[in-house]
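The sequence and the structure are shown below.

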Amino acid sequence: MPEQNTQFDAIVIGSGISGGWAAKELCEKGLKTLVLERGRNVVHKKDYPTANFNPWDMPHRGKIPPPEMDLDPIVSNCYAYKEDTKHFFVKDHEHPYVQEKPFSWIRGYQVGGKSLLWARQTQRWSKYDFEAPLRDGFAVDWPIRYKDIDPWYSYVEKFAGISGNKDGLEVLPDGEFLPAWEMNCVEKILQEKIMQAYPDRHVIQGRCAHLTEPTSEHLAQGRGQCMARKLCERGCPFGAYFSSNSSTIPAAEKTGNLHLITHAVVESIIYDESTQKATGVSVVDALTHEVTVYKAKIIFVNAACLNTNLILLNSKSNRFPNGLGNDNGLLGKYIAFHNYRGNITAAFNGPIDQYYYGRRPTQVMMPSFKNVLKQETDFLRGYMVHFSASRAGRPNVDGVGAAFKEAITEPGDWSIYMMMQGETIPKETNQVSLSEYERDNWGIPQLVVSVEYDENDEKLLQDFFKEGKAMLEKAGCTKINTWDSKQPPGLDIHEMGGVRMGKDPNTSLLNQFNQLHHCKNVFVTDGACMTSTGNQNPSLTFMALTARAADYAAAQLKEGLL
Ligand SMILES: Cc1cc2nc3c(=O)[nH]c(=O)nc-3n(C[C@H](O)[C@H](O)[C@H](O)COP(=O)(O)OP(=O)(O)OC[C@H]3O[C@@H](n4cnc5c(N)ncnc54)[C@H](O)[C@@H]3O)c2cc1C
């Protein structure tokens with residue numbers, strides 16, 4: 001490839017949620033930006049082959065047949081992996097990794113990454129979350145506080161389109177919201193009863209990245225209103241939920257500064273000792289296995305948490321024999337995730353003359369209510385609760401003939417489903433490293449994952465069962481059933497850490513602008529940068545950190561400081 005085609009102002013590795021934002025911001029600031037994506041291209045609308053399928057259009061009516069589940073048992077455990085979405089998921093057998101302890105690594109390798117598949121729940125962190133490690137004495141202190149990211153939350157929310165109510169809660173700050181989805185009648189009853197019984201707990205509508213009422217900014221992106229079909233993971237032809245494919249990548253393309261190369265597997269970042277900077281990246285073509293070096297002044301690593309760790313660990317040089325920027329040996333360590341093991345179901349004797357409109361793409365939620373203002377329990381941190389009320393498709397009746405047919409024209413009973421999303425505490429022993437022996441199809445060392453739950457997670461789970469049960473009882477529910485899914489870490493798909501931010505280069509890898517302390521023109525703004533996990537769904541925070549870091553990087557570049 002001629003030299004001019006391999007030289008750019010910026011390289012972005014990965015085109016998922018965070019890479020899409022990096023590409024948009026850097027391109028809009030006038031930087032010639034190369035996005036390197038290991039998967040195939042997925043063009044908005046054109047490449048959503050199942051978007052309008054009915055169940056009978058699919059050989060297995062939407063289900064994954066058992067032989068395929070046996071072949072790919074890890075991804076088959078993901079609730080969203082189905083016949084109509086499977087083309088957007090990585091298959092276990094094609095991309096193996098080493099599980100020292102059970103870990104379900106769920107991935108999407110294509111333009112858009114997991115932004116096509118995500119459940120679109122988007123909550124801001126609060127000041128309590130950024131202060132937590134310092135107050136409670138775990139991980140390291142974040143180098144930023146809520147006020148540093150607040151304007152960037154607003155910035156990304158306006159463009160992405162987030163629906164929600166202004167709830168006025170310090171524990172879950174409000175954002176720039178489009179109108180919220182409505183709670184159904186039973187959820188409203190539960191909201192009232194729970195908040196009466198527990199004045200310090202808040203039952204609110206879940207905030208989500210769906211266009212309930214698109215603004216001119218969204219319409220200009222070619223996106224339209226959500227139709228409440230809830231077929232989102234197939235790709236939305238309306239562009240009604242936020243994905244890189246419908247939103248940030250087209251915005252980057254519009255500038256004329258984007259150069260996107262697909263099937264480009266980044267194996268490492270190249271470091272130059274004389275300038276003490278990264279000069280570019282080495283890429284293996286996924287189809288031909290040919291190796292090319294691309295050069296740029298700045299590099300954004302957005303391959304998603306664990307792949308970002310892998311690329312940095314594999315970026316070895318004389319100066320950094322243990323991985324780029326890894327002087328303190330902490331690269332790959334302090335991996336954390338969200339504890340999703342707690343589930344509760346219940347029956348509710350609700351109004352049988354009422355129903356609800358459409359297939360709402362969000363749930364009701366309760367922001368964390370444990371250990372928020374001070375430490376109150378024998379476990380650290382807390383959990384967010386999500387729940388919803390729904391009616392069965394038909395009543396629970398048996399029979400044959402006209403009476404039976406008549407009976408099943410009515411919807412069935414009301415029931416409640418509740419789940420937890422718990423913060424986990426980052427620990428040095430929860431870590432990833434490179435296999436000495438196993439390589440992938442492209443000759444790159446496989447990732448060894450060694451991550452597990454601990455006693456704190458068990459206590460948090462038991463507390464959720466106790467509190468969730470008590471709240472549902474007080475709200476008048478019956479047949480309350482709790483269960484521990486015992487799912488391995490990773491299935492939450494919220495993995496974070498390994499390249500954490502911090503103030504001190506001795507105890508962290510990245511500074512307050514997501515810049516590697518020891519290689520200033522490399523920025524990491526996906527989940528790998530997270531110092532702690534909070535209990536909120538994390539992607540909105542990745543977006544805000546990315547936009548903030550891109551703004552800083554472009555300004556530094558302009559001033560000749562990078
Ligand atoms: C079913 C499901 C539900 C979810 N629900 C939510 C939710 O409700 N709320 C929430 O906040 N989050 C949710 N998530 C998580 C969310 O999708 C991720 O946090 C988010 O996509 C992470 O963004 P990212 O840019 O780091 O990674 P991704 O979006 O995964 O993008 C990474 C990209 O990098 C590419 N890549 C990887 N390695 C390389 C390499 N070596 N070279 C070149 N390219 C590479 C990949 O192919 C991919 O395109 C969910 C995820 C799933 C799958």
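Which residue forms a salt bridge with R341? The partner is D484, and the closest N and O atoms of the pair are 2.8 Å apart.

## Basis of the report

The model is predicted, so local features need pLDDT of at least 70 and side-chain atom pairs count only at pLDDT 80 or more, whereas totals for chains, interfaces and linings use all residues. Residues are numbered from 1 along each chain as its sequence is written, and side-chain values use heavy atoms, with hydrogens and water left out.

A salt bridge is counted where a side-chain nitrogen of Lys or Arg lies within 4 Å of a carboxyl oxygen of Asp or Glu. By this rule the model contains 35 salt bridges.

The bridge between R341 and D484 links distant parts of the chain, 143 residues apart. R341 is in the loop between β12 (338-339) and β13 (342-348), while D484 is in strand β19 (residues 478-484). Helices (H or I, at least four residues) and strands (E, at least two) are DSSP runs, numbered from the N terminus. R341 is buried at 6% relative accessible area, whereas D484 is partly exposed at 21%. Here buried means under 20% relative accessible area, exposed over 50%, and partly exposed in between, with a 1.4 Å probe and protein chains only.

D174 and R207 form another salt bridge, with their closest N and O atoms 3.1 Å apart. D174 lies in the loop between β4 (162-163) and β5 (177-178) and R207 in the loop between β6 (204-205) and α7 (216-220), so this pair ties together parts that are 33 residues apart in sequence. R207 is buried, with a relative accessible area of 1%; D174 is partly exposed at 22%.

## A further pair and a network

R135 forms a salt bridge with D136, the closest N and O atoms being 2.8 Å apart. Of these two residues, R135 is partly exposed at 38% relative accessible area and D136 is buried at 14%.

Salt bridges with shared partners also join R201, K370, D463, K466 and E467 into one network.

## Helix α1

Helix α1 covers residues 17-28.

Because 11 of the 12 residues of α1 are buried, the helix is largely enclosed by the rest of the structure. Among the buried residues are I17, W21, K24, E25 and C27. Just after α1, G30 adopts a positive phi of about 90°.

Notes. The expected span of a helix is 1.5 Å times one less than its number of residues.
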